[in-house]
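The following note sets out points on side-chain packing for the structure shown below.

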Amino acid sequence: MKITYWSDFACPYCYIGNTRLKKTIKDLGLENEVEFDTRAFELDQNAPKDVESTTVERFAVKYGLSLNDAEKEVSNISRLGIEEGIDFKYSSTLYTNTRDAHRLMKFAQSKGDAKLVEKLGNSLFDAYFTKNLKLADKDVLLNICDEIGLNREESEEVLNTDLYNKEVEKDEEIALMGGIHAVPFYLLDEKYSIPGALSYEDFKTVLKQISDENKENAIKENEKKKDGNKDVDSCKDGVCRI
């Protein structure tokens, strides 16, 4: 099963959704059946490099809420993360540009190591929502690279140049062409789409259904191959068999 998903490391529902999804995959015993394809999606391509406002202030402006109501909404989202076992600190996040974080993810993907990619994704989400670090800070990103085993010198070269910019932009272009305007967005086996962070139970229902379908299709395909190999009335090399 291939799961392609678009997300941003500053998106709370992306972290929550991915946590639920991976828990579901583990509980269903599908770890060896699932292949992930992480795609970039910046919530704000023009986000600043430095912190200009608090998360509550941004929330209030974006949704037209009072600061008090915005704080309640942010707290409710944090509660969802905490319920998933994450030390979720949404209200104190330091919102900055995430382009460099996405470029590093593309660099990690170029290594062809799925575990390395997963480690980087987890560390970037954790840095933002749990440790409340600035993802636009080069030192923060390089320290994460050190922690997960991604070559520091090569990573620094990526951050000091425009490497992998095109790859990030291509992901976002594909998303927009496909009508994806919000994240997380999951595409399973290139035919089932899930817009948003489903509950654990809903993820479980969907994944089990697709897994069962894939197994049934595999059985049918094997049966077709067996039928194709059965002896039929034919002649070969001058010998005929009935």
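1. Of the 47 residues in the largest nonpolar core, the members touching the most others are Phe88, Leu104, Leu120, Leu124 and Leu150. A nonpolar core here is a set of buried Ala, Val, Leu, Ile, Met, Phe, Trp, Tyr and Cys residues joined through side-chain atoms within 4.5 Å; buried means under 20% relative accessible area (1.4 Å probe, protein chains only). At least two residues of this core come from each of helix 1, helix 2 (55-63), helix 3 (67-83), helix 4, helix 5 (114-129), helix 6 and helix 7. Helix 5 gives the most, with 8 residues. Helices are DSSP runs (H or I, at least four residues) numbered from the N terminus.

2. The model is predicted: local features need pLDDT of at least 70 and side-chain atom pairs pLDDT 80 or more, while totals for chains, interfaces and linings use all residues. Residues are numbered from 1 along each chain as its sequence is written, and side-chain values use heavy atoms, leaving out hydrogens and water.

3. Leu104 is in contact (heavy atoms within 4.5 Å) with Leu120, Leu141, Cys145, Ser155, Val158 and Leu159, leaving aside neighbours within four places in sequence. A second, separate core of 13 residues includes Ile3, Tyr5, Leu21 and Tyr186.

4. In helix 7 (residues 152-160), Ser155, Val158 and Leu159 are the buried residues. Seen down the helix axis, they fall within an arc of 95 degrees (taken from the directions from the axis to the C-beta atoms), so they line one face of helix 7. Their cover includes helix 4 (99-109) and helix 6 (138-148).

Note on methods:
Buried < 20%, exposed > 50% of the residue type's maximum accessible area, 1.4 Å probe, protein only.
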